[in-house]
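Hi,

Here is the structure I promised to pass on.

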Amino acid sequence: MDVIRAFLAELWKMFAADLLLSLGALACLGGVALGLHAHWLGAAAPIVLAAAVLIVLAAAVARSTVVEIRKRSDR
Amino acid sequence: MTSLATALPIIAAAFLASAVEVIEAFTIVLAVSVVRGPRPAILGTAAALIVLVLAVAIVGPVLAGVPIRGLQMTIGVLLLLFGLGWLRKAVLRAGGALPLHDEAAAFAKESAALRARAGAAAADWSAGMTAFQAVLLEGVEVVFIVLAVGARPGLLAPAAIGAALACVMVLAAGLLARRPLARIPENTLKFIVGGLLSGFGVFWSAEGLGAPFPLGDLAIPALIAVFLAAGLIMAMAIRRRLARAPAWT
């Protein structure tokens, strides 16, 4: 039981560390699943997923960079 | 009695097919071992192997019914979240937005050292879990390969031998590669591991969604290369952005 609790706590910590990144990645998966279900994507689905995840990563990196720049200029 | 002429192609087929899966798992285990040390990697791998052996022993006859897509999806999402987190932090460090090595100062004071130890334990835990997930997923796939290749009477043993040979050879190659890898700077390794996990995560998530990549397993190195290249471009963009930012001390 302790092992499961520790795993879930660690998972939550990792998830909450960068909500934009985690939620964005999950949104990409949800979007691709929806696209597949509605027959919008077809064979392009995995490429769309990889591209969407990269965009989310770039957005998260850009946001963190802006936050760091603000933090440093406030000091 | 199975003749050698019948067994050899089965051994070769199981060896080659299993080697692909074992290399995939071992790449992640090796990366975990180099970044967080051998302990979490060994513990995660051992735990996954125990679960696998128990699963095969208990539910062996119905193992073919395990929903592999569900397993791929779950593990793919977890690896993607781990990988993207690592890659984001490594990119920020490589770009200069975060300090390259901020743990050293924390070890100066006892209270900070305690916090650092707690953080290290958590990192070891997630590293161990990463190794566990990779070995479990690929292990299940190796079991499926053995069952599929050795499906005819008398061929299960040669298929299992082929898979076992693949495990031993990949393990030996990995042990030889570990020492040179350990000399690579920490952030570079985290950058590479972040790219690796993100690539595997996207691949398995897509497979789990029922949308496999056109090149099959060959898409994995391509995805890893794309994530690493994108990370490098982002790090360069951060450096340029920081150079234009107002001066600070």
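This is a predicted model: local features need pLDDT of at least 70, side-chain atom pairs count only at pLDDT 80 or more; totals for chains, interfaces and linings use all residues.

Leaving aside neighbours within four places in sequence, which residues is A:Cys28 in contact with?

Now the cysteine. A:Cys28 sits in helix 2 of chain A, and its contacts beyond four places in sequence are A:Leu49, A:Ala52, A:Val53 and A:Val56. Take A:Val56: 28 residues separate A:Cys28 from A:Val56 along the sequence, yet their C-alpha atoms are 8.3 Å apart in space. A:Cys28 has 22 other C-beta atoms within 10 Å, and the cut-off for buried is 20 or more, so A:Cys28 counts as buried.

Helix 2 (residues 19–37) of chain A packs against helix 3 (residues 45–74) of chain A at an angle of about 160 degrees, and their axes are 9 Å apart. Angles over 145 degrees count as roughly antiparallel, so helix 2 of chain A is roughly antiparallel to helix 3 of chain A. The crossing of helix 2 of chain A with helix 3 of chain A is right-handed. On the helix 2 side, the contact includes A:Leu21, A:Gly24, A:Cys28, A:Gly31 and A:Gly35, while helix 3 of chain A contributes, among others, A:Val48, A:Ala52, A:Val56, A:Ala59 and A:Arg63. By type, the residues of this contact split into 15 nonpolar, three polar and one charged.

On to chain B. What does its secondary structure come to? Chain B has eight helices and zero strands, which reads α-α-α-α-α-α-α-α along the sequence. Of its 249 residues, 45% count as buried. If you look at contacts in chain B between residues at least 6 apart in sequence, 84% of them join residues at least 24 apart.

Then there is the interface. The contact takes 32 residues from chain A and 33 residues from chain B. On the chain A side, helix 1 (2–17), helix 2 and helix 3 each supply at least two residues. Helix 3 of chain A gives the most, with 16 residues. The chain A side of the contact divides into 22 nonpolar, four polar and six charged residues.

One helix pair across the two chains deserves a look in your viewer. Helix 3 of chain A and helix 3 (residues 68–95) of chain B pack at about 40 degrees, with their axes 10 Å apart. That angle makes helix 3 of chain A oblique to helix 3 of chain B, and the crossing is right-handed. In this pair, A:Val53, A:Leu57, A:Ala60, A:Val61, A:Ser64 and A:Thr65 meet B:Leu80, B:Leu84, B:Leu87, B:Arg88, B:Val91 and B:Leu92.

Last, the core. The largest nonpolar core has 89 residues, and those with the most contacts inside it are A:Val53, B:Ile28 and B:Val29. Helix 1 (residues 4–36) of chain B provides the largest share of this core, 15 residues. A:Val53 is also one of the contacts of A:Cys28. As for B:Ile28, its contacts beyond four places in sequence are B:Thr130, B:Ala131, B:Ala134, B:Leu196, B:Leu197 and B:Phe200.

Cheers

How values were computed: Residues are numbered from 1 along each chain as its sequence is written. Chains are lettered from A and ligands numbered from 1 in the order in which they are written. Axes are lines fitted to C-alpha atoms, for helices over the stretch in contact, and angles run from 0 to 180 degrees between N-to-C directions. Helices (H or I, at least four residues) and strands (E, at least two) are DSSP runs, numbered from the N terminus. Angles under 35 degrees count as roughly parallel, over 145 as roughly antiparallel, 65 to 115 as roughly perpendicular and the rest as oblique. A crossing is left-handed if the near helix is turned anticlockwise from the far one by less than a right angle, and right-handed if clockwise. Two residues are in contact if their C-beta atoms, placed from the backbone, lie within 7 Å. Ala, Val, Leu, Ile, Met, Phe, Trp, Tyr, Cys and Pro count as nonpolar, Asp, Glu, Lys and Arg as charged, and the others, Gly among them, as polar. A residue is buried if 20 or more other C-beta atoms lie within 10 Å of its own, exposed if 12 or fewer, and partly exposed in between; C-beta atoms are placed from the backbone. A nonpolar core is a set of buried Ala, Val, Leu, Ile, Met, Phe, Trp, Tyr and Cys residues joined through C-beta atoms within 7 Å.
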